[in-house]
There are 2 protein chains.
Amino acid sequence: MNNRRSSPSPAGKRPASTASPWRASHERQRDRELKRDAVIRAAAREFNRKGYHNTSLDDIAARLEVTKPTVYYYVTSKEQLLFQCFVAGVERIRIGFRDVRQLQLPARERLAAVLRRYGEAVASEFGWCMVRAEEQDLSPAMSRHIKTLKSEIDQGIRRLIREGVQDGSIEPCDPKMTAFALAGALNWIAHWYREDQSLSGAQIAAAFVTVFEGGLRPRGSGAQLTDRASPRRRTRRPATALAR
Amino acid sequence: MNNRRSSPSPAGKRPASTASPWRASHERQRDRELKRDAVIRAAAREFNRKGYHNTSLDDIAARLEVTKPTVYYYVTSKEQLLFQCFVAGVERIRIGFRDVRQLQLPARERLAAVLRRYGEAVASEFGWCMVRAEEQDLSPAMSRHIKTLKSEIDQGIRRLIREGVQDGSIEPCDPKMTAFALAGALNWIAHWYREDQSLSGAQIAAAFVTVFEGGLRPRGSGAQLTDRASPRRRTRRPATALAR
DNA sequence: TAGGATACCTACTACTGAGTATGATTGAGG
DNA sequence: CCTCAATCATACTCAGTAGTAGGTATCCTA
């Protein structure tokens, strides 16, 4: 290992002070960040498999074929490792919100787009850390930080719901409870999804969005039937809940 | 403490062999079970507050104002403690299924009743243990046991969904994904609900069921509007999503 | 090629916490 | 009183693991 490309940096002299000597340093810096990322991803995978408390730093190190002090060379503590995994996951969701902000669509459709991104993030390698990082495992400072990030996402969903109710694209409802229901269903994906599944995170999220949007109650014939003898109907949106 | 009612058991003689001497024994037995229950409930509360791994048996013992060996006098291991908490929670859900089985209602309404029970159970003191007990923390045998119980519940929900699609009370959908979405939203309650909340578990569950049944897409006027300039409408089911 | 920074390892420390050995106490029944 | 069983405490053992001390090899710059 240790096959670092030892770029000979042939361009010798530079004019000013901060020029040449920092080239290699920069490369190393990038190298270091790559390795740091690898450490964080390895940690995410192990946390995902065995849980935070059942994963030792020796485990993570072994997975990377290094030793524990090497891991500590890139992160300062196990707690920080969990925190970084969390942030990595949340960042994807925030990107989803940003991407959707400028779309000229009814709020329900923007919400659906956000939720699909959300589901993908939860099904990603960082999903476990994102949704299951317990505040009790983190220092008060990091716990506060996480709560803030989570709250932003929650508020974003509620806002989209309120907008949808206003623009008529969403049935009037309690934004808070509805947001909890939606986010909860998606968060839960992290509990059962494993990457070797046949469905992708995006597919699952899309299926969920379909359920959320349509609801269980049959549509169309309007009359909510209370007797149970009505003939089975196989009409619109046949069980292809997975179609994007 | 130790104010055990020392019932003098005045009824002296009994005819057969196993009669009298076992009276006190019986009382003690009952006493023991009460205490055991108290231990399990105390454990559930602590797990709920601090998580499984952040709760030591000394903590639980201190909460009961006894010492660790006393706790071990009633349970054999920390793992078993978690398992018992889990079973206690799941039992409530199973009762929900049983209660609903003989009802002569469309499947959607039976499902709604089950989900309400489900939500109550998740919001109960055992909710955390029920949904967050990680298989990695348990021995393979107990892990299997838990998986079986969980699977039964999952299959029960799927069955109700299928029945609903057949009797026309539920819009055709993918039972598996729909069940995951519903159960996930309810399970997630355990992550944010604390008993000192203003809403009861039943209220939350009812609100969720309302969301699930109706869906986000507005009903009534049928036409799914794509432009966003339509005037706000405040019609049926006004934001009283909490009404039972 | 020396000197310094980087990257990584071996071998620890220190502590937590699950589970236990052993004995004291208490109350019931004889 | 005496015994026996249930109940509970004191005082341990022991494994696992987060985090560190200090050293070594390698590369970069001068």
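Q: What does the secondary structure of chain A come to?
A: In this predicted model, chain A comes to nine helices and zero strands, and read along the sequence its pattern is α-α-α-α-α-α-α-α-α.

Q: How much of chain A is buried?
A: Buried residues account for 39% of the 244 residues in chain A.

Q: And what about its contacts, how many join residues at least 24 apart?
A: If you take the contacts in chain A between residues at least 6 apart in sequence, 67% of them join residues at least 24 apart.

Q: Switching to chain B, how many residues does helix 10 have, and what does it reach?
A: Helix 10 of chain B runs over residues 201–214, which is 14 residues, and it reaches 20 Å from its first C-alpha to its last, close to the 20 Å expected at 1.5 Å a residue.

Q: Is that helix mostly covered or mostly open?
A: Helix 10 of chain B is mostly covered, with 12 of its 14 residues buried, including B:I204, B:F208 and B:F212.

Q: What covers them?
A: The cover includes helix 8 (175–192) of chain A, and from chain B it includes helix 5 (107–123), helix 8 (175–187) and helix 9 (189–192).

Q: What comes just after helix 10 of chain B?
A: Just after that helix, B:G215 takes a positive phi of about 80°.

Q: Which residues touch the most other members of the largest nonpolar core?
A: Among the 124 residues of that core, A:F208 and B:F208 do, while the largest share of the core, 11 residues, comes from helix 8 of chain A.

Q: What does A:F208 touch?
A: Leaving out residues up to four places away in sequence, A:F208 touches A:G119, A:A185 and A:L186, along with B:M177 and B:A181 from chain B.

How values were computed. Residues are numbered from 1 along each chain as its sequence is written. Chains are lettered from A and ligands numbered from 1 in the order in which they are written. This is a predicted model: local features need pLDDT of at least 70, side-chain atom pairs count only at pLDDT 80 or more; totals for chains, interfaces and linings use all residues. Helices (H or I, at least four residues) and strands (E, at least two) are DSSP runs, numbered from the N terminus. A residue is buried if 20 or more other C-beta atoms lie within 10 Å of its own, exposed if 12 or fewer, and partly exposed in between; C-beta atoms are placed from the backbone. Two residues are in contact if their C-beta atoms, placed from the backbone, lie within 7 Å. The expected span of a helix is 1.5 Å times one less than its number of residues. A nonpolar core is a set of buried Ala, Val, Leu, Ile, Met, Phe, Trp, Tyr and Cys residues joined through C-beta atoms within 7 Å.
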